Amino acid sequence: MVGAAQSVASFDEDAPGPIRRIQSFLHSYPTAIPFIVLIVAIVVFSIAAGSKFFAPFNLSLVLQQVTIIGVLGMAQTLIILTAGIDLSVGAIMILSSIVMGRLSVVAGVPVEISFVLGICTGILCGLINGLLVALVKLPPFIVTLGTWSIYGAMVIFISQSETIRSQDIAAIAPMLQWMGARVALGGGAILTIGSMVMILIAVSLWYILNRTAFGRHIYATGDDPEAARLAGINTTWTLIGVYTLAGFICALASWVLIGRVGAVSPLGSQTANLDSITAVVIGGTSLFGGRGSIVGTLLGALIVGMFRNGLALAGVDVLWQEFAVGALIIIAVTTDQWIRKISA
């Protein structure tokens, strides 16, 4: 056809505005918001609380206080990345600690064996959750709500509602308190072994999520399970693996818990379930799955710790400390909804 147009059809696109560019940036880098919030919190509380806030001992104290939340939050992150949720992480942690403590101190089982059985308890609990979610196809919220009650009942049954004193653990099974050992860093700063283990777990999970096929399968399963299945990913085994790994991390958290408080109590850390979800949400992980990071969860745990510590140093009542944390959760979820619009 002589004289026919040879140009390729093109369509004019409006250049994205500043709000759209910010939205796109935050969608690509989900840890940016918690990092910015953490910096702002540090600046605000350094002004409100004065030099006390920046004291090396106080900063190291914040890290110690968020260690348990941070470890549980990382287990929760794996599950939320698959668009699930686990309400039983705190119960798994306490049950594992009860198994370790009762076997070694009360039953006289060698502490090494008791420790291994406690770790296996956490793995088994996570595996049960995973089987119910992946094979029976039950909603994660309902499954873990039920197992939360079951594991909680087992805690009361096995412990007989008795607390094992720190003196007894120190005399018979000091290995269980090892996570509470302190290392002086100078200037009054103190770092516990538990905090070091938290960082080690974070590095390991970061590598799994970002450098292995299993990590990519976790993101793909949470983003669109049907598309992941069509792409050749075994989403069933991915979910089972995620919940089992989360149970293992919860069992490690039980060791950190014993080191932190010194004793083994059936009533220990009762708010751990909600605290772990709080750290994950504030850390920028989407409750709809497929987007988030371990680094963001650690930042979220630090933000919660910084807010509570800074408000306490500023003389703010505990009531308003909890109010501030609740407001942070709502803002974080609202921001996540706003960011997700770019992919809609």
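This is a predicted model: local features need pLDDT of at least 70, side-chain atom pairs count only at pLDDT 80 or more; totals for chains, interfaces and linings use all residues.

Reply: Ala 83 sits in the loop between H4 and H5, just after H4. Its phi is near 70°, a positive value in a residue other than glycine. Elsewhere, Ser 161 also isn't a glycine and has a positive phi, of about 60°; that one is found in the loop between H7 and helix H8 (166-172).

Back to the loop between helix H4 (67-81) and helix H5 (89-106), where you'll also find Asp 86. Asp 86 is buried yet has no salt bridge. The nearest side chain of opposite charge belongs to Lys 137, and that is 17 Å away. What the Asp 86 side chain does have is a polar contact with the side chain of Ser 88, at 2.6 Å. Not counting residues up to four places away in sequence, Asp 86 touches Gln 76, Ile 79, Asn 129, Thr 144 and Tyr 243.

Now the helix itself. H4 has 15 residues and reaches 21 Å from its first C-alpha to its last, close to the 21 Å expected at 1.5 Å a residue. H4 is mostly covered, with 15 of its 15 residues buried.

As for what covers it, look at the largest nonpolar core, which has 57 residues. Leu 72, Met 74 and Met 93 are the ones with the most contacts inside that core. H4, H5, helix H6 (111-134), helix H7 (140-159), helix H9 (193-211), helix H10 (213-223) and helix H12 (235-261) each supply at least two residues of this core. The largest share, 14 residues, comes from H12. Leaving aside neighbours within four places in sequence, Leu 72 is in contact with Val 89, Gly 90, Met 93, Cys 250, Ala 253, Ala 272 and Ser 276. Apart from this core lies another, of 15 residues, among them Phe 53, Ile 282, Met 306 and Phe 307.

Finally, there's helix H3 (residues 56-65), whose buried residues are Asn 58, Ser 60, Val 62 and Gln 64. Those residues pack against H4, and also against strand E1 (182-186), strand E2 (189-192), H9, H12 and helix H14 (294-313).

How values were computed
Residues are numbered from 1 along each chain as its sequence is written. Side-chain values use heavy atoms; hydrogens and water are left out. Helices (H or I, at least four residues) and strands (E, at least two) are DSSP runs, numbered from the N terminus. Buried means under 20% relative accessible area, exposed over 50%, partly exposed in between (1.4 Å probe, protein chains only). Lys and Arg count as positive and Asp and Glu as negative; His and the chain ends are not counted. A salt bridge is a side-chain nitrogen of Lys or Arg within 4 Å of a carboxyl oxygen of Asp or Glu. A polar contact is a pair of N or O atoms within 3.5 Å; within protein, one must be able to donate a hydrogen and the other to accept it, and residues adjacent in sequence count only if both atoms are side-chain atoms. Contact means heavy atoms within 4.5 Å. The expected span of a helix is 1.5 Å times one less than its number of residues. A nonpolar core is a set of buried Ala, Val, Leu, Ile, Met, Phe, Trp, Tyr and Cys residues joined through side-chain atoms within 4.5 Å.
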